[in-house]
Amino acid sequence: MENSGNLARVRTVYDMVAETYAAVLPDTSFEAPEDLALINEFSARLRGAAGHRVVDAGCGTGRMSAYLSGAGLQVTGVDLSPGMVRTAQRLHPRLTFAVGGLAELPVADAAVDGVFAWYSIIHSAPAALSGTAREFWRVLRPGGLALVAFHVGSGHRTLQRAYGHDVELRLELHRPDDVGLRFAGQGFVPEMQLLRAARGTEKHPQAALVMSKPKV
């Protein structure tokens, strides 16, 4: 389970920066073409599911929730920070948002076709990923997909300023093989992988994994 003290610090920082975060990252214009291509493939596969329901786990102020909704999915955004959730609901009033952590999603068992975790695990230590995998498995229907994106590396780095505020924010780095193994330990099967070099202001390579919960 994720350290409760760390979660409290992350929640406090994101409550503080919610409005400026929304201004800095209002939409998907920051994403690389490869990122959007993977998200579009993920969305296309979910549109074929009966309910095409997806939970945006770690939704922030809702920019990716809005993108997934525009792709034809039924989206519920979940974030640890009440401030981020309030801002997301104000900016995207037609969508549904709720407060919750990656290891405690406010979603019923086997209720969704997809879990979308776009850079949501960047504040989770590697040891916490097994708990996240268990929770994603719990909420997914058999045949469902999980998409998990993250910064590539080992260890962590600490920001002293973020989104226009002087805050201390620890960012965890993850190795794709380690993330894959932790999800495989829960039973997930790898489907797609994106690994790309850092670009622009990015400090590290970036990765995203798409994994499925088998139907049987």
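The protein chain carries 22 positive and 21 negative side chains, and the centres of these two sets lie 2 Å apart. In this count Lys and Arg are positive and Asp and Glu negative, while His and the chain ends are not counted; each charge is placed at NZ of Lys, CZ of Arg, CG of Asp or CD of Glu.

The structure is a predicted model, in which local features need pLDDT of at least 70, side-chain atom pairs count only at pLDDT 80 or more, and totals for chains, interfaces and linings use all residues. Residues are numbered from 1 along each chain as its sequence is written, and side-chain values use heavy atoms, with hydrogens and water left out.

The chain contains six helices and nine strands, these being DSSP runs numbered from the N terminus (helices H or I, at least four residues; strands E, at least two). Its radius of gyration is 16 Å, close to the 17 Å that the globule rule gives for 216 residues, so the chain is as compact as a globular protein of that length. The radius is taken over C-alpha atoms, and the rule is 2.2 Å times the number of residues to the power 0.38. Of the 216 residues, 50% count as buried, where buried means under 20% relative accessible area, exposed over 50%, and partly exposed in between (1.4 Å probe, protein chains only). Among contacts (heavy atoms within 4.5 Å) with a separation of 6 or more, 70% are made by residues 24 or more positions apart.

The charged side chains also pair with one another. A salt bridge is a side-chain nitrogen of Lys or Arg within 4 Å of a carboxyl oxygen of Asp or Glu, and by this rule the count comes to ten. In one of them, Glu19 meets Arg90 at 2.7 Å, N to O. This pair links distant parts of the chain, since Glu19 belongs to helix H1 (residues 4-24) and Arg90 to helix H4 (residues 82-91), 71 residues apart. Glu19 is partly exposed, at 45% relative accessibility.

Arg138 takes part in two salt bridges, with Asp109 at 2.6 Å between the closest N and O atoms and with Glu135 at 2.8 Å. Glu135 and Arg138 are three residues apart in helix H5, and are therefore separated by about one helical turn. Glu135 is buried, with a relative accessible area of 8%, whereas Arg138 is partly exposed at 25% and Asp109 is exposed at 54%.
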